[in-house]
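Have the sequence and the 3D view open side by side. The text below goes from one side-chain detail to the sheet, and from there to the core.

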Amino acid sequence: GRHVKQPTLQITNIRRVPANALTYVYWAILSDGTNSIEVVISTHLSHLVQSGQLEEYTVVKVKTYQYNVTDDNIHIVSIS
């Protein structure tokens, strides 16, 4: 694929998953309409999910992100 500096993506699925016995993290599937990727939403953004500002079908513009590529898989490290 090609590198897109600030992609506009849609959240197609979001779910709360236990991180440990006391806390939860949110996983989301982001799509550009053709491709999709599963990401963990940073804990400092969890309040946006809890308040309903980030939910399924929300369209977001990703300003910055970091990723690693291993064995033909892309792993998102951070997103904001």
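Which residue lies over the face of Y24? In this predicted model, that residue is R16, placed 3.7 Å from the ring centre. Pairs of aromatic rings, by contrast, number 0 in the structure.

Four strands make an open sheet, and read across it their order is β3-β2-β1-β4, with antiparallel pairing. The edges of the sheet are taken by β3 and β4, the latter covering 59-61; each has a single partner strand, so one side of each lacks a neighbour in the sheet. On average, and with direction ignored, neighbouring strands are turned by 40° against each other. Strands of a sheet pair through backbone hydrogen bonds, in either a parallel or an antiparallel manner.

The pairings can be followed one at a time. Between β1 and β2 there are 8 bridges, and the two strands run antiparallel. A hairpin of 5 residues connects β1 to β2. One place to look in this pairing is I11, whose bridge partner in β2 is L30.

L9 stands across from V60 in β4.

In soluble globular proteins, nonpolar side chains tend to be buried together. The largest nonpolar core of this model has 12 residues: L9, I11, I14, Y26, A28, L30, V39, I41, V49, L54, V60 and V62. Two or more of these residues come from each of β1 (8-18), β2 (24-31) and β3 (36-41). The bridge partners I11 and L30 are both members of the core.

What does I14 contact, leaving aside its neighbours within four places in sequence? Its contacts are W27, A28, I41, V49, L54, E55 and E56.

Technical notes:
Residues are numbered from 1 along each chain as its sequence is written. This is a predicted model: local features need pLDDT of at least 70, side-chain atom pairs count only at pLDDT 80 or more; totals for chains, interfaces and linings use all residues. Side-chain values use heavy atoms; hydrogens and water are left out. A nonpolar core is a set of buried Ala, Val, Leu, Ile, Met, Phe, Trp, Tyr and Cys residues joined through side-chain atoms within 4.5 Å. Buried means under 20% relative accessible area, exposed over 50%, partly exposed in between (1.4 Å probe, protein chains only). Contact means heavy atoms within 4.5 Å. Rings of Phe, Tyr and Trp (its six-membered ring) pair if their centres lie within 6.5 Å; planes under 30 degrees apart count as stacked, over 60 as edge-to-face and the rest as tilted. A charge sits over a ring if NZ of Lys or CZ of Arg is within 6 Å of the ring centre and within 35 degrees of the ring normal. Two strands pair if DSSP finds at least two bridges between them. Axes are lines fitted to C-alpha atoms, for helices over the stretch in contact, and angles run from 0 to 180 degrees between N-to-C directions.
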